[in-house]
Amino acid sequence: MPRKSSRSRTRRRRGAPFITLFVLGLFIIAGYVAYLDHTVRTQFEGKRWALPARVYARPLELFAGAPLSPAQLAAELADLGYAPSPRLDSPGTFQRNADEFRFITRAFRFWDTAEPSLPVRAVFEQDKLVALENFKNGAPLDLVRLDPAPIGGIYPAHNEDRVLVQLKEVPPLLVQALIAVEDHRYYDHHGIDPISIARALWSNMRAGATVQGGSTLTQQLAKNFYLNPDRTLWRKTNEAIIALLLEYHYSKDEILEAYLNEIFLGQDGQRAIHGFGMASYFYFGRPLNELKLPQFALMVSLVRGASYYDPRRHAQRALTQRNRVLDVMAANKVISAQQAKEAQRAPLGVIAKAPHGASSYPAFMDLLRRQLQRDYKEEDLTSEGLQIFSTLDPQIQRNAERALSSRVAQLEKQFAIPTGRLEGAALVTNSENGEVLAVVGGRDARYSGFNRALDAQRHIGSLIKPAVYLTALAMPQRYTLATLLQDEPVTFQNPGGQPWTPQNYDRQYHGAVPLHAALAHSYNVPTARLGLDVGVANVLGTLKKLGVERDFPAYPSVLLGAIELTPAEVTQTYQTLASGGFRVPLRAIREVLTAKGEPLQRYELSITQAFDPAPVFLLTNALQEVVSAGTARSLKSQLPAQLTVAGKTGTTDDLRDSWFAGFSGQHVAVVWLGRDDNKPTGLSGATGALKVWGDIIRATATQPLQRTAPGNIEYARIDPQTLRRVAADCRDAVDLPFISGSVPPESGPCASQAPGQVDWFREIFR
Amino acid sequence: MMNSVRHCGKTAVWLAGLGLALQLSGCSFAQVRAPVQDRSAAEPPAAAKRAPEEESGVVITPYPGRSVQEQRTPEQAPPPAADQQSTASPSNSNAVVALLDNAGAQGRSGNLDSAAAALERALRIEPRNAEIWYRLADIRLRQGQYDQAANLAAKSINLAGNNTDLIERNKAIIRQARQHQAQ
């Protein structure tokens, strides 16, 4: 600066200061206009907006035979914003007549193919979709994939949200309404409209203040796009220059399209709603092309002041303004007076609650983001407009949320837990392909703070036991389901520590117990003995093969669950059991597409055989007994009789953690209940988490657990007294699976039942 | 984003006042891609649909895995003989058959990713259908994903029950995968 001023002083002394200043001034103005021009063109032609990644739920697949109830289809159509319509004339409309639905699907571009819009008739019988056909031509439809529900976006801290629209897909009536109200000479001016300005000036002079704007749409775009909202003369000048430049470079349609996507139309917390594409979802829950005149008029009225005319907070004001817009449209002959009158009678039609921006399912989105962050930069996720197809099943998610929050409240009362203290988490996955269908991170599922499903590391108690028994059953020469384990007092010496005397939950000892019953009843003492027999390190090795990636020190107390895992880690281990010993990484993402719908990445199904199927089959047999006769038998009162499931209860010292992990033929679900401060809750696995688990599974359309016996499994008739094989016609004997070569030797005649003896096998069928 | 643009604009105005205009590439106007996505471009016929003449009227198929026989628990009706699929059709479900047809067509024309996607879709409908797992193993083999091919074939065997033909085909895949891996 000092150098420059001394130079100009030198020039002034030479005697031509005025000309120099004039030239300098011209240079500055020309430079400034050139700079604005550069700015205008760079932004207009480059990527104009940072677009958050948009996340979709799994699309619902419809086919004859699908286990789907009419209520579930109705809920799905409501999620998607399908509107009931007597005429059924456009995509996104439906009719329901008891168990028969007719609807017109929306066309949607998926990773693999584009689904066309189809007229569909779906007929239900009880809780099953029995027929699916095209209602226009009667042709049967094998498979129809609905458009997926948007479940959220991935945003930077402060953000603008928009769904980009092209001018050609914007209903003409909306554009006409906008032009009629905001700038009816739009197609006649060159960016600024002297006539409007004069009129505005006149009314402002009369009012003595700025009360009316003479801004054209182009000026409004210039202001929104490039400038701050101050009403200064300098800003007005810039706005005018930019408006002229825009009109010089671009066509009316290009400018209009940018305007339709840029204009601010609402606020949702830190999320600003920009453009009519997003506003349509924000206010009406449906895409723009499905809206009608009254809705167009309402959105156009928001241009003047989205918060002042907010239809959710100021319904009356919004209604008045909407009707004023309709009057202007009629006056400009965009619509007839009759149309205006009809539209003015329509209600606002705004959905009560705006679709959540970041997401209604914060715990699931948290998992999804963690998986995305392995492959994508944060910046790309918040700006590139990626389309992310997730695995979330909104219906199962809501079932799980509801089950957790209502049971937790009930259990607090029942067990005198201080209100609001009992917390919980739940996950539901597809048992064969590892897709994560639901994640609940706490009793308040909308709260996006501490995600217990992924981050709460808690002692797992008896949930470890399947790892102990699987380690043993993988050695068929030593252990079968019929091996007798000793449930008698025993003390172990911890290496370098105190002696350890495991106790059973019921503080009793049960003598000789068959292996399968020891697991079904979750006896600690025989489990600890068994675990030490097979080796703590081997049990931890099994845990690792089941999918727990962290390492733990090999203390004997590990055998009774003295290790901390998150509900998600537990889910991964039970997933491996549910899929017959094949480890499938839990996945929250199916595919990622670019903003334009080009395939970018597919997260494909990938499995690893971690165990020989036969011991897993035996273990699953015992885990079914947990439910049929063991610690989880109370579940039978919650579930329909034919719905066989397998699982394991988990309870930790002083009743601090209540767990249940289990699976049906189609789903794995894990539930944890406990307190964040780790204080006792009074809940065991069976009295707490199991109840939530039962509620979730009962509400979910799932299939019973049916396992296919591997080739090397043989069934043998076993006498419960002698644990020896007996003749097939022995009345009291039971069939039990064995790995070939480990079937007990035949003992001949049937043994008689000694009185007073616990019959471990009979109770399987209680 | 608008905040940064505004801020940038102000800075730029000030710089311009000093006659230093124009070179402002550091500001955040520069972005990458054209903004307007084209959803309307995607309207080809659905590849997954079979021709209507193959069908006669509305087809009502029992959902696989819900037959009376299969509803018995292993304890009640041992030993279970597997979810047998007849060799004639890989599935009772028209939806699954359509997807398998689609996967087959994609596979024949070399679109192995699309074929795999269709098979995964079929598995969501019938997760315990051993034939689908076999076909996915076959695609992975053709893609050179030998480890996955072997694992998927093992999974298929695990679900195949006493379908010896399918078990043999899976074993062949595992053998080929091992050979490739050994090379």
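A compact globule of 766 residues would have a radius of gyration near 27 Å, whereas chain A reaches 34 Å. The C-alpha trace of this chain spans about 120 × 75 × 50 Å along its principal axes. These values come from a predicted model, which scores ipTM 0.83 and pTM 0.80. The secondary structure of chain A amounts to 23 helices and 34 strands. Of its 766 residues, 52% count as buried. Among the contacts in chain A with a separation of 6 or more, 69% are accounted for by residues 24 or more positions apart.

Five of the strands of chain A form an open sheet in the order 17-16-30-29-28, with antiparallel pairing. Strand 17 (436–440) and strand 28 (646–651) of chain A stand at the edges; each has a single partner strand, so one side of each is left without a neighbour in the sheet. On average, neighbouring strands of this sheet are turned by 5 degrees against each other, direction ignored. Strands of a sheet pair through backbone hydrogen bonds, in either the parallel or the antiparallel sense.

Within this sheet, strand 30 (residues 667–675) of chain A is largely enclosed by the rest of the structure, because eight of its nine residues are buried. Strand 16 (residues 422–430) of chain A pairs with strand 30 of chain A in the antiparallel sense over nine bridges; here A:V428 has A:A669 as its bridge partner. Strand 29 (residues 657–663) of chain A is joined to strand 30 of chain A by seven bridges, and these two strands also run antiparallel. Strand 29 and strand 30 of chain A are connected by a hairpin of three residues. Helix 23 (residues 689–699) of chain A lies across strand 16, strand 28, strand 29 and strand 30 of chain A, and runs at about 145 degrees to strand 30 of chain A.

Helix 19 (residues 524–534) of chain A is mostly covered, with eight of its 11 residues buried. These buried residues are A:N524, A:V525, A:P526, A:T527, A:A528, A:L530, A:G531 and A:V534. They pack against helix 17 (465–473), strand 19 (484–487), strand 22 (511–514), helix 18 (515–520) and helix 20 (536–546) of chain A. Just after helix 19 of chain A, A:G535 takes a positive phi of about 100 degrees.

Two of the strands against which helix 19 of chain A packs, strand 19 and strand 22, are themselves paired: four bridges join them, and they run antiparallel. In this pairing, A:D487 has A:G511 of strand 22 of chain A as its bridge partner. In a regular strand the side chains alternate between the two faces of the sheet. Strand 19 of chain A has a covered face with A:L485 and A:D487, and an uncovered face with A:L484 and A:Q486.

Where pLDDT is low, the predicted coordinates should not be read in detail.

Methods:
Residues are numbered from 1 along each chain as its sequence is written. Chains are lettered from A and ligands numbered from 1 in the order in which they are written. This is a predicted model: local features need pLDDT of at least 70, side-chain atom pairs count only at pLDDT 80 or more; totals for chains, interfaces and linings use all residues. The radius of gyration is taken over C-alpha atoms; the globule rule is 2.2 Å times the number of residues to the power 0.38. A residue is buried if 20 or more other C-beta atoms lie within 10 Å of its own, exposed if 12 or fewer, and partly exposed in between; C-beta atoms are placed from the backbone. Two residues are in contact if their C-beta atoms, placed from the backbone, lie within 7 Å. Two strands pair if DSSP finds at least two bridges between them. Axes are lines fitted to C-alpha atoms, for helices over the stretch in contact, and angles run from 0 to 180 degrees between N-to-C directions.
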